Amino acid sequence: MTKTSVLAFGFADRWHDFWHGTIGEWILTRGLRITLLVLGGLLAARFINWTAQRISRRIDADFRESDALVRSESAKHRQAVASVISYVAIALLAVVVVVEVTDVLAVPVSSLVAPAAVLGAALGFGAQRIVQDLLSGFFIITEKQYGFGDLVSLTVAGIAKEATGTVEDVTLRVTKLRSSEGEMLTIPNGQIVKTQNLSKDWARAVIDIPVPTTADLNQVNEVLHGVSERAIADPGLKDLLLDAPQLMGVESIELDTVNLRMVARTLPGKQFEVGRKLRVLVIEALSRAGIVSPSDSSPMVEAIVHPATAGGAEGTQGPVTSE
């Protein structure tokens, strides 16, 4: 026999002894099962996440392909629920995998009672914020406070300025908003003190119109009623308005102005666009009627007295000749 054959037989014997030994048998039995459980859990989690994203894209595609200008409340809620269900399903899957792994390792459940009690007490003190976030997120979803695509303004504990933006994602723990500047705001649900949904069912555009106190209010009312009729017939506004804008009358009186208020019910989230367009129509109508705001009136020009003419001095500012 050659030296190479002897080395090959020696390696084969060691390989055979390894797989028939304690470590090899553990790898072939318990180790393989644990590996399959972990890989199966990862693949299942990827599948759950892919399914949730596919459902969300399908709902979004249905909206984009339709003639609707805004998402329906049911579509918003379905997208939020799909995200939450995927989150909960992945969490339950992780728990099942951990339980199965402990069963494969033959870890007695009774021995885990004391560590679980200590861990539960630690979580009770250290993870109160997480539990609060999860409970708040659960009620946000079940109560349909807001959903994907809603325009909301959230009052966050410890922050004076409200967080305003379009909802990009809602989970049990956080809410993600896209601000008007394009920033992504991630807010823990447990820190939300007050919710203002600016696109729930319908919205309202409010336009305050200052006019001079010297203006004829009857004429102003006629002009604004004409604006209301023009708005409901305007091609760029009629699809956004739910009914004709209403003139509410005098809202406040100041020193040189009277503020009138006009309101209009709009599709959810379209109140700002409608407000901008209505202001343009109001300005054009008031200008045609000759009604201007106090800031548009001609400024008063007063003569500035020269210091040389003050105190009874000569009115002329030229040189004084001696007689």
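**View 1. Aromatic pairing at Phe-138 and Phe-139.** The structure holds two aromatic pairs, where rings of Phe, Tyr and Trp (its six-membered ring) pair if their centres lie within 6.5 Å. One of them joins Phe-138 and Phe-139 in an edge-to-face arrangement, at 5.4 Å centre to centre and with 70 degrees between the planes; planes over 60 degrees apart count as edge-to-face, those under 30 as stacked and the rest as tilted. Phe-138 counts as partly exposed because its relative accessibility is 43%, and Phe-139 is likewise partly exposed, with a relative accessible area of 41%. Buried means under 20% relative accessible area, exposed over 50%, and partly exposed in between (1.4 Å probe, protein chains only).

The model is predicted: local features need pLDDT of at least 70 and side-chain atom pairs pLDDT 80 or more, whereas totals for chains, interfaces and linings use all residues. Residues are numbered from 1 along each chain as its sequence is written, and side-chain values use heavy atoms, leaving out hydrogens and water.

View 2. Gln-271 belongs to helix α7, residues 271-288 (helices are DSSP runs of H or I, at least four residues, numbered from the N terminus). Gln-271 is classed as buried because its relative accessibility is 9%. Beyond its neighbours within four places in sequence, Gln-271 is in contact (heavy atoms within 4.5 Å) with Leu-198, Ala-203, Arg-204, Ala-205 and Thr-266. The side chain of Gln-271 reaches the backbone oxygen of Leu-198 at 3.0 Å.

**View 3. Arg-265 over the ring of Trp-202.** Arg-265 lies over the face of Trp-202, 5.1 Å from the ring centre. For Arg, this requires CZ within 6 Å of the ring centre and within 35 degrees of the ring normal.

How values were computed: Helix = DSSP H or I, 4+ residues; strand = E, 2+ residues; numbered from the N terminus. Polar contact = N/O pair within 3.5 Å; in protein donor to acceptor, adjacent residues only side chain to side chain.
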